[in-house]
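I opened this entry to keep track of what I looked up. The notes follow the order in which I checked things.

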Amino acid sequence: MDRILTVEQMTFCEHEAEKYGVSLAQLMDNAAAQLSEVIASNSSSSSKIVLLIGKGNNGGDGLVAANLLAEQGLKPAVVLCCGEPDTDLSSAAYARLDKSVEVLKAENALDFIESADVLVDCIFGTGFHGEVPPYVSRIIDKINDSGKFVVSADINSGLYSDSGLFSKCVRSSLTVSVGTYKYGHFLGSAKDVIKEKKNIDIGIDIRGDFALLVEKDDVAPFLPYRKNNSNKGNYGYVGIMGGCTEYSGAVKLSNLALSALRAGAGVSRLIIPESITASVSPYILESTLMPLCDRDGHIVFDKEKIDASLFRLASLAVGMGWGESAENAKILSYILENYSIPLLIDADGINTLSKLDKEILKHTKCSVVLTPHPKEFERLCGVSVKEILSSPVGYAKRFAKEYGVILLLKGASTVICGKDGTYIVDRGCPGMASAGSGDVLSGILAGMLGYTECSALAVACGAYIAGIAGEMAQKEYTDIAMTSSDTVKMIPKAVKYIRGEE
């Protein structure tokens with residue numbers, strides 16, 4: 001798994017490298033050497049390569065790379081987009097610039113962008129924050145409108161490295177991360193401005209409280225081949241509790257998704273208000289149905305009935321389509337206080353939890369998994385969505401640690417935090433931005449937790465399966481026309497892909 005750091009953590013690692021004899025100048029040379037190889041591999045001998053240089057060390061990387069490209073017989077030109085370099089390292093790199101490399105001022109940038117074959121973005125690095133200056137904004141607009149092959153060094157200029165947010169930034173064909181990935185390569189709008197990315201190792205020992213990027217090989221061990229001599233009881237009875245008159249469809253999908261069964265559960269038990277049984281029953285094929293007494297279409301708390309519905313369960317997902325009812329708080333509190341199973345709380349279950357004293361989470365025997373989107377997380381932690389999105393990993397980690405839960409924060413990339421670590425899942429697609437996608441994810445997670453130890457990594461692997469299935473559905477049905485049930489159809493193909501069968 002690739003490691004992912006904040007800017008502060010990366011800076012610490014760079015200075016730690018100095019203590020062991022690797023100077024910052026050497027790190028710049030290492031970065032430039034690999035950056036120049038990437039540029040050359042995407043250029044021909046006749047390509048006009050224009051490197052757009054800022055004042056800082058990101059610009060220094062570009063200046064050293066320009067020298068190396070010139071040594072290879074290529075014809076790079078540099079444009080000083082913000083004036084002459086002004087850090088010690090970048091100034092030294094500028095002083096060593098080969099005389100064969102053409103140097104232009106910012107006012108010439110727009111013309112050179114137009115005539116270039118390959119553009120290399122070295123304007124702002126990972127330390128950028130605030131607003132892009134107007135004259136650089138015009139350059140960025142020209143880059144984005146050019147249709148050229150654009151390589152961004154370390155991170156796209158203007159993109160915030162800890163959040164993936166921006167007011168104006170370069171859109172790259174390829175972003176070459178230096179040392180290790182940063183959160184901004186995955187979070188926020190990163191997927192919309194980075195077409196492809198790769199990381200280059202420059203000799204830094206990565207330390208600290210980093211996150212890990214979940215990839216196919218990490219997920220495969222959670223989907224082992226099963227023995228012939230096994231039965232449904234070996235893979236867990238999984239409960240899905242939710243639904244009400246207004247939102248019966250959410251639970252139908254969470255179950256219909258076969259998401260729990262497709263993800264490997266032995267038995268899926270749908271626990272719903274009795275009054276919606278008739279509308280749900282036609283959709284129940286492989287799963288069992290457990291109707292509970294209700295009032296006005298909402299489940300009411302009845303200890304004996306609740307206990308009967310949870311009998312033998314290996315995991316439980318609660319809250320999808322639950323609606324708003326005072327009874328929900330009684331039910332959720334009772335489960336948290338009296339059971340010791342993996343408990344996934346989603347949607348209206350999270351809204352119910354936000355109205356309780358969250359100290360209950362510190363005393364429950366349940367292994368709690370929370371799966372909020374940012375607005376639901378705002379209700380849980382009392383921090384605005386804007387603040388959460390400025391540091392999603394930081395807020396998720398703090399909440400998970402304080403309350404002893406696994407927290408999955410939804411977004412274009414998914415953040416998963418728990419006591420066994422922090423994980424990023426960057427699979428998924430725009431077509432999943434439709435009603436019911438969260439229900440499908442909840443079903444997959446509930447199914448996996450029925451036969452797998454509850455951990456942040458297991459939850460991250462469930463999110464990966466959902467993301468891959470969604471991507472496959474989008475390829476088949478397009479981002480406009482796909483629905484969440486299409487994601488469900490692709491879960492078997494996602495499992496085959498992860499296992500290396502197709």
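**Entry 1: a helix pair**

I started with aspartate 486, which counts as buried at 6% relative accessibility. Here buried means under 20% relative accessible area, exposed over 50%, and partly exposed in between (1.4 Å probe, protein chains only). The model is predicted, so I note that local features need pLDDT of at least 70 and side-chain atom pairs count only at pLDDT 80 or more, while totals for chains, interfaces and linings use all residues. Residues are numbered from 1 along each chain as its sequence is written, and side-chain values use heavy atoms, with hydrogens and water left out.

Which side chain does aspartate 486 meet in a salt bridge? I found lysine 489, at 3.2 Å, N to O. I count a salt bridge when a side-chain nitrogen of Lys or Arg is within 4 Å of a carboxyl oxygen of Asp or Glu. Both residues lie in helix H21 (residues 484-489), three residues apart, about one turn of the helix. Helices (H or I, at least four residues) and strands (E, at least two) are DSSP runs, numbered from the N terminus. Lysine 489 is partly exposed, with a relative accessible area of 48%.

**Entry 2: other salt bridges**

I looked up the total next: the structure holds 18 salt bridges. Side chains of opposite charge can pair when their charged atoms come close. Arginine 207 and aspartate 205 meet through their side chains at 3.0 Å, N to O. Arginine 207 is partly exposed at 31% relative accessible area, and aspartate 205 is partly exposed at 45%.

Arginine 499 forms a salt bridge with glutamate 501, and the closest N and O atoms are 4.0 Å apart. Arginine 499 counts as partly exposed at 29%, and glutamate 501 is partly exposed at 41%. Elsewhere I noted one network, in which salt bridges that share partners join Glu16, Lys19, Asp205 and Arg207.

**Entry 3: a buried serine**

Is serine 36 buried or exposed? Serine 36 is buried, with a relative accessible area of 2%, and is found in helix H2 (residues 24-41). Leaving out residues up to four places away in sequence, I list Ala65, Leu68, Leu69 and Gln72 as what serine 36 touches. Contact means heavy atoms within 4.5 Å.

**Entry 4: positive phi**

Most residues other than glycine have a negative phi. I looked at two residues with a positive value. Phi of aspartate 154 is near 70 degrees. Aspartate 154 lies in the loop between strand E6 (149-153) and strand E7 (174-178), and is buried at 11% relative accessible area. Phi of alanine 347 is near 50 degrees. Alanine 347 lies in the loop between strand E17 (342-345) and helix H14 (348-354), and counts as buried at 18%.

**Entry 5: the whole chain**

I closed with the chain totals. The secondary structure comes to 22 helices and 21 strands. The C-alpha trace spans about 85 × 45 × 45 Å along its principal axes. Of the 502 residues, 56% count as buried. Among contacts between residues at least 6 apart in sequence, 72% join residues at least 24 apart.
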